[in-house]
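Trainee: I would like to learn how to read a structure of this kind, feature by feature. Could we look at it together?

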Amino acid sequence: MSATFPVLLDGYTDLPPGKIANVVTFLEMTEPPATVTAPAGFAVAVARRPDPAAFLALYRRIGETWLWTSRAAMPPAELAALLALPTTEMLTLEKDGAAIGLVELDYSVPGDVEIVTFGVVPEAMGTGAAQIMMGGTLARIFGGGAARVWLHTCTFDHPRALGFYRRNGFRPYKFAIEVSDDPRRTGHLPVTAGPHVPLIGNRP
């Protein structure tokens, strides 16, 4: 059970040792954007019955720098069960047959789709790959009859992430503060992960 501590809504709140915090921005879209055709060599593919190990390998390759933790910290059986749910869908962006991007979608609320995970591998950043993947993702979601798509990004994420989502038509609608265990201290990520987020205290 997680310990509780007071959070000040005006001023600074000291965190217990081993905890990290970031500001989360929630964004939504209720109208489909213009359709974007993927260039030759690129394809947004649906992963039928995704292999948990392959999912996690791509997830870590993309997200380790940004301290993506939720799926990396899951017990293998729990991750496998999540990926097997009929309301979970995994998409990959493939370039010349190799997966360079990952999207995880949650369809558990009818008409309301969450983009849980979205990112491309480091070497694909700045190449337009993320834009291609977002276009294909939104076309699939709205083509399936969704009324709303939402996602969130945070201050640990890529510094251009928020601007990218807004340029694609997402509108911010809520802030939150997320406090969690530092995954570099729990052993879920190496101490070299998230170099832009200080590791406070002695290294584990």
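Mentor: Let us start with a term: contact means heavy atoms within 4.5 Å. Among the contacts in the chain with a separation of 6 or more, 68% are accounted for by residues 24 or more positions apart. Before going on, note that this is a predicted model, in which local features need pLDDT of at least 70 and side-chain atom pairs count only at pLDDT 80 or more, while totals for chains, interfaces and linings use all residues. Residues are numbered from 1 along each chain as its sequence is written, and side-chain values use heavy atoms, with hydrogens and water left out.

Trainee: How many helices and strands are there in the chain?

Mentor: Helices (H or I, at least four residues) and strands (E, at least two) are DSSP runs, numbered from the N terminus. The chain has five helices and seven strands, and from the N terminus on these elements run β-β-α-α-β-β-β-α-β-α-β-α.

Trainee: What radius of gyration does the chain have, and what would a compact globule have?

Mentor: The radius is taken over C-alpha atoms, and the globule rule is 2.2 Å times the number of residues to the power 0.38. For 204 residues a compact globule would be near 17 Å, and the 18 Å of the chain agrees with that. Along the principal axes, the C-alpha atoms fill a box of roughly 50 × 35 × 35 Å.

Trainee: Which share of the residues counts as buried?

Mentor: Buried means under 20% relative accessible area, exposed over 50%, and partly exposed in between, with a 1.4 Å probe and protein chains only. Of the 204 residues, 38% count as buried. Val 149, which lies in strand β6 (residues 148-154), has 0% relative accessibility and therefore counts as buried. Leaving aside residues up to four places away in sequence, Val 149 touches several residues, including Leu 27, Val 113, Ile 115 and Phe 170. Val 149 and Ile 115 are 34 residues apart along the chain, yet their C-alpha atoms are separated by 7.2 Å. Thr 35, by contrast, is found in the loop between β1 (19-29) and β2 (42-47), and with 69% relative accessibility Thr 35 counts as exposed.

Trainee: How is a pair of aromatic rings described?

Mentor: A pair is described by the distance of the ring centres and the angle of the planes. Here the rings of Phe, Tyr and Trp (its six-membered ring) pair if their centres lie within 6.5 Å, and planes under 30 degrees apart count as stacked, over 60 as edge-to-face and the rest as tilted. By this rule the count is eight aromatic pairs. The ring centres of Phe 55 and Tyr 59 are 5.9 Å apart with planes at 25°, so this pair is stacked. Both residues lie in helix α1 (residues 52-63), four residues apart, about one turn of the helix. For Tyr 165 and Phe 170 the centres are 6.2 Å apart and the planes at 80°, so that pair is edge-to-face.
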